[in-house]
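Please open the model in a viewer and keep the selection tool at hand.

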Amino acid sequence: MKTKSSITVRYAETDKMGIVHHSVYPIWFEIGRTDFMKHMGMPYSIMEETGVMTPLTELNCKYYLPAYYEDELTVETWVSKITAARIVFEYSVKRDKDEKLLSVGSTCHGFVSSNTFRPVNIKKEMPGIFEAIQNLSLIHI
């Protein structure tokens, strides 16, 4: 399963040339990831209330073309891997008007207890969510 999130480039996200700064893309990835989890029926706020957090352990981003002020973009998000200990999200950012691929990336997150910040086994803590995401990631691959 892939989710799609719409983004309009804001002035504050650009440099003097009107080009989006490279540091903004991980923020857009977060928007996509948040939308993905909401679509799964497990918003991050609910997951954290159940005692599980997902800190970032790795971030990758490759840039192909620039985005500009007021561009309408789509961030596609999907899970490429999930284990009992971590989850990997993949992203693509495309400009809507010409469907050009601007960027691709990935983030890896560990599952930890919000009380102890120690790793937790998501397969045991939230088996329904684990299985649902695992099944969806297998469909995409």
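Select Ser 92 to begin; this residue lies in strand β5, where helices (H or I, at least four residues) and strands (E, at least two) are DSSP runs numbered from the N terminus. The model is predicted, so local features need pLDDT of at least 70 and side-chain atom pairs count only at pLDDT 80 or more, whereas totals for chains, interfaces and linings use all residues. Residues are numbered from 1 along each chain as its sequence is written, and side-chain values use heavy atoms, with hydrogens and water left out.

Ser 92 is buried, its relative accessible area being 5%; buried means under 20% relative accessible area, exposed over 50%, and partly exposed in between (1.4 Å probe, protein chains only). Display its contacts, that is, heavy atoms within 4.5 Å. Not counting residues up to four places away in sequence, Ser 92 touches Thr 74, Val 75, Glu 76, Trp 78, Leu 101, Ser 103 and Val 104.

From that list, select Glu 76 next. Glu 76 counts as buried, at 11% relative accessibility.

- Lys 2 to Glu 76: the closest N and O atoms are 3.8 Å apart. Lys 2 lies in the segment before β1 (3-8) and Glu 76 in strand β4, so this pair ties together parts 74 residues apart in sequence. Lys 2 is partly exposed, at 39% relative accessibility.
- Lys 4 to Glu 76: the closest N and O atoms are 3.7 Å apart. Lys 4 lies in strand β1, so this pair ties together parts 72 residues apart in sequence. Lys 4 is exposed, at 61% relative accessibility.

Now select Arg 95 and Asp 71, whose salt bridge has its closest N and O atoms 3.0 Å apart. Arg 95 is in strand β5 and Asp 71 in the loop between β3 (56-63) and β4, 24 residues apart. Arg 95 is buried at 8% relative accessibility, and Asp 71 is likewise buried at 8%. The whole structure holds 5 salt bridges.

Finally, select Ala 67. Leaving aside neighbours within four places in sequence, its contacts include Arg 95, Trp 28 and Leu 73.

Methods:
A salt bridge is a side-chain nitrogen of Lys or Arg within 4 Å of a carboxyl oxygen of Asp or Glu.
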